[in-house]
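Subject: A structure to look at

Hi,

I'm passing this structure on to you, and my notes on what turned up follow below. Could you read them with the model open beside you?

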Amino acid sequence: MVVRVKPNPHHCSKAMDGSQQRFEANILLLGAENVGKSALTVRFLTRRFIGEYGDIESIYSHNDKIDGREISFNIWDSLYPQNCGTPESVSDKQLQWADGVILVYSICDRSSFKVVQQQVQLIRRSRKMSPTAPIVIVGNKRDLQHQRTVSSEEGRLFALCSDCGFFEISAAETYHGVLLVFHEVLDLIKESKAIKKGVAGLKGIVRSVSAVFGKKRAE
Ligand SMILES: Nc1nc2c(ncn2[C@@H]2O[C@H](COP(=O)(O)OP(=O)(O)OP(=O)(O)O)[C@@H](O)[C@H]2O)c(=O)[nH]1
């Protein structure tokens with residue numbers, strides 16, 4: 001089931017508990033205009049490529065079952081340019097909301113690759129998002145090889161150097177590539193949340209041990 005709602009950054013997934021069956025993930029799609037952010041989103045949600053998508057910014061909620069576990073995806077398909085600061089800027093609200101980011105460029109639009117490069121720097125420098133939150137870079141429109149201006153190697157190398165995931169796909173041609181992108185982000189979000197939980201658990205142990213020793217010293 002897909003539900004389309006207006007962007008509400010207060011809709012938050014951070015209350016996930018490993019013991020619960022349902023896993024909730026907030027995924028933010030960013031990138032320059034016309035690169036296929038909406039095409040990717042709609043392909044993932046409906047398996048269809050419809051060609052024209054209009055200029056609507058939305059958060060879509062989608063429930064799925066993967067490996068027997070209920071998954072709740074919230075996908076924020078953002079509009080470019082973002083309505084704050086410089087064109088490539090990303091709002092604090094978006095970063096606070098997101099558990100993971102998909103940054104999309106078009107392989108036949110070099111300026112869109114530059115926007116992705118700038119957005120990676122901005123996200124990495126921001127304190128609004130967990131440093132363990134994953135970023136996956138997607139070179140879209142792979143079907144337009146004859147118009148290519150960004151090589152696969154360049155995209156892959158940049159992603160590798162920036163510690164981001166990387167895919168080259170065509171939202172127009174196949175559903176499978178799009179599915180792989182969303183599943184990768186989901187897996188990385190799970191890992192990131194597990195790391196955060198581990199760190200929190202460790203802090204709890206340190207606090208308990210300190211409390212015991214503190215008490216003993218006081219006796
Ligand atoms: N050839 C080709 N065209 C694509 C592909 N993905 C999207 N498009 C086309 O690119 C255009 C822009 O797609 P959108 O999904 O609206 O792009 P967007 O990034 O959401 O654009 P904004 O809403 O302006 O931010 C549309 O005409 C799509 O049909 C693809 O993989 N291959």
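First, a term that comes up throughout: a residue is buried if 20 or more other C-beta atoms lie within 10 Å of its own, exposed if there are 12 or fewer, and partly exposed in between, with the C-beta atoms placed from the backbone. A second one concerns the elements: helices (H or I, at least four residues) and strands (E, at least two) are DSSP runs, numbered from the N terminus.

Some housekeeping. Residues are numbered from 1 along each chain as its sequence is written. The model is predicted, and local features need a pLDDT of at least 70 while side-chain atom pairs count only at pLDDT 80 or more, although totals for chains, interfaces and linings use all residues.

pLDDT is the predictor's confidence in each residue, from 0 to 100. The protein has a mean pLDDT of 84, and 79% of its residues reach 70 or more. Residues 14-19 fall below 50, and this stretch has four contacts in the model beyond near neighbours in sequence. (Two residues are in contact if their C-beta atoms, placed from the backbone, lie within 7 Å.) For the complex, the predictor gives an ipTM of 0.98 and a pTM of 0.83.

The overall layout

The protein has five helices and seven strands, and from the N terminus they run β-β-α-β-β-α-β-α-β-α-β-α. Of its 219 residues, 35% count as buried. Take the contacts between residues at least 6 apart in sequence: 73% of them join residues at least 24 apart.

Helix α3

This one covers residues 110-125, and its 16 residues should span 22 Å at 1.5 Å a residue; the end C-alpha atoms are 23 Å apart, which agrees. (The expected span is 1.5 Å times one less than the number of residues.) Which residues of α3 are buried? They are Ser-112, Phe-113, Val-115, Val-116, Gln-119, Val-120 and Ile-123. Seen down the helix axis, the buried residues of α3 fall within an arc of 155°, so they line one face of the helix. (The arc is that of the directions from the helix axis to the C-beta atoms.) An α-helix has 3.6 residues a turn, so residues three or four places apart point the same way. Ser-111, Gln-121 and Arg-125 are exposed on the other side of α3. The cover over its buried residues includes β2 (23-31), α2 (92-97), β5 (100-106) and β6 (135-140).

Pro-134 sits in the loop between α3 and β6. It is buried, with 23 other C-beta atoms within 10 Å. Apart from neighbours within four places in sequence, Pro-134 contacts Gly-100, Gly-165, Val-185, Leu-188, Ile-189 and Ser-192. Its C-alpha atom is 7.0 Å from that of Cys-164, 30 residues away along the chain.

Helix α1 and the ligand

Nine of the ten residues of α1 are buried, so this helix is largely enclosed by the rest of the structure. Among them are Leu-40, Val-42 and Phe-44. Helix α1 (residues 37-46) also gives the most to the shell around the ligand, with three residues. In total 20 residues surround the ligand, the closest being Glu-33, Gly-36, Ser-38, Ala-39 and Ala-172. (A residue is near a molecule if its C-beta atom, placed from the backbone, lies within 6 Å of it.) The shell divides into eight nonpolar, six polar and six charged residues. Here Ala, Val, Leu, Ile, Met, Phe, Trp, Tyr, Cys and Pro count as nonpolar, Asp, Glu, Lys and Arg as charged, and the others, Gly among them, as polar.

Most residues other than glycine have a negative phi. Arg-47, which follows α1, has a positive phi near 70°. Lys-141, in the loop between β6 and α4 (152-161), also has a phi near 70°. Asp-163 has a positive phi of about 60° and lies in the loop between α4 and β7 (165-168).

Best wishes

How values were computed. The expected span of a helix is 1.5 Å times one less than its number of residues.
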